[in-house]
Amino acid sequence: MSHDYPLIRIRDLVNRFGDHVVHEHLDLDLYPGEILGVVGGSGSGKSVLLRSIVGLRRPNAGSIEVFGEDLQQLSDQRRSRLERRFGVLFQRGALFSSLNLQENVALPMIEHIGLKRSEAEFLARVKLALVGLPVNAALQTPAELSGGMIKRAALARALALDPEVLFLDEPTAGLDPIGAADFDQLLLTLRNALGLSVFLVTHDLDTLYTTCDRVAVLSQRHVLAADRLEVVENVDDPWIRDYFNGPRARAARQPHRPLEES
Ligand SMILES: Nc1ncnc2c1ncn2[C@@H]1O[C@H](COP(=O)(O)OP(=O)(O)OP(=O)(O)O)[C@@H](O)[C@H]1O
């Protein structure tokens, strides 16, 4: 995997808010077909990093190369074409509460590729089935659904434009352990079936051990380590030691190996 050219290549990234430097000398790659877990303490800049890559925040310095092109050098039009190859699932506020699920998922297809409403809603129902929602969920609104179903619907919307790279910001936050485990399995299935590459911000150790090919640790304003879990676990750093060798990590490590084939 690491022999391929990265789909996303970040070099010397700087993000700051006033005097508060969030990222400095940050380098990171996302390779085709991998699920990259991004972890770090609260406030270490995981969401700011995600937002910088998907074009919601302009970094203060450094380069973000996406599909071989430097985002900072592109015209707005060219950049938004590239960004259409991304699917993003945000932690909060992913769906419009006044629209039913098929309308929610159809919306990006109508807005971005100009599909007719009937075509878009047909494809939306296909996406909703893809993420494992029952047929009758298409006509329900988010308020009528469980947390796990809402996450799946939000994932269907992130998949609306057939993205090549999926960005997930804490997708299992707020789910019970069974719902979270189901979501992890869905993510693996979709990655394998659709050939997606996934940038996954998570605090969930079970998700990390079940789904991720590599893990990047954000600490001290940069990526401290980015490698396979068994390598990162053994990096000599206080945060990494606490995170990967605490009781929760030990519990998460046990039941999941071996991983599903990729
Ligand atoms: N729009 C903003 N204005 C000012 N400061 C911001 C802004 N967005 C983020 N920050 C700051 O940047 C830092 C990194 O925030 P970020 O949300 O990326 O952290 P995180 O690693 O995702 O944290 P968590 O795990 O708690 O979600 C925090 O100190 C935050 O307060």
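A residue is near a molecule if its C-beta atom, placed from the backbone, lies within 6 Å of it. In this predicted model, the residues that surround the ligand are Phe17, Val22, Gly40, Ser42, Gly43, Ser44, Gly45, Lys46, Ser47 and Val48. Sorted by class, this shell has three nonpolar, six polar and one charged residues. Helix α1, which covers residues 46-53, gives the most to the shell, with three residues.

The next topic is how helices pack. Two packed helices are described by the angle between their axes and by the distance between the axes.

Take helix α3 (residues 101-113) and helix α4 (residues 117-130) to begin with. Their axes are 8 Å apart, and the two pack at an angle of about 120°. An angle from 65 to 115 degrees would count as roughly perpendicular and one over 145 as roughly antiparallel, so α3 is oblique to α4. The crossing of α3 past α4 is right-handed. On the α3 side, Leu101, Gln102, Val105, Ala106, Met109 and Ile110 take part; they meet Arg117, Ala120, Glu121, Leu123, Ala124, Arg125, Lys127 and Leu128 of α4. This contact has nine nonpolar, one polar and four charged residues.

Helix α3 also packs with helix α5 (residues 147-158), where the axes come within 8 Å and cross at roughly 25°. Angles under 35 degrees count as roughly parallel, so α3 is roughly parallel to α5. This crossing of α3 and α5 is right-handed. Here Leu101, Asn104, Val105 and Pro108 of α3 meet Ala153, Ala156 and Arg157 of α5. By class, the contact has five nonpolar, one polar and one charged residues.

Technical notes
Residues numbered from 1 in each chain as written. Predicted model: local features only at pLDDT ≥ 70, side-chain atom pairs only at ≥ 80, totals over all residues. Axes fitted to C-alpha atoms, helices over the stretch in contact; angles between N-to-C directions. Helix = DSSP H or I, 4+ residues; strand = E, 2+ residues; numbered from the N terminus. Left-handed = near helix turned anticlockwise from the far one by under 90°. Contact = placed C-beta atoms within 7 Å. Nonpolar A, V, L, I, M, F, W, Y, C, P; charged D, E, K, R; others polar.
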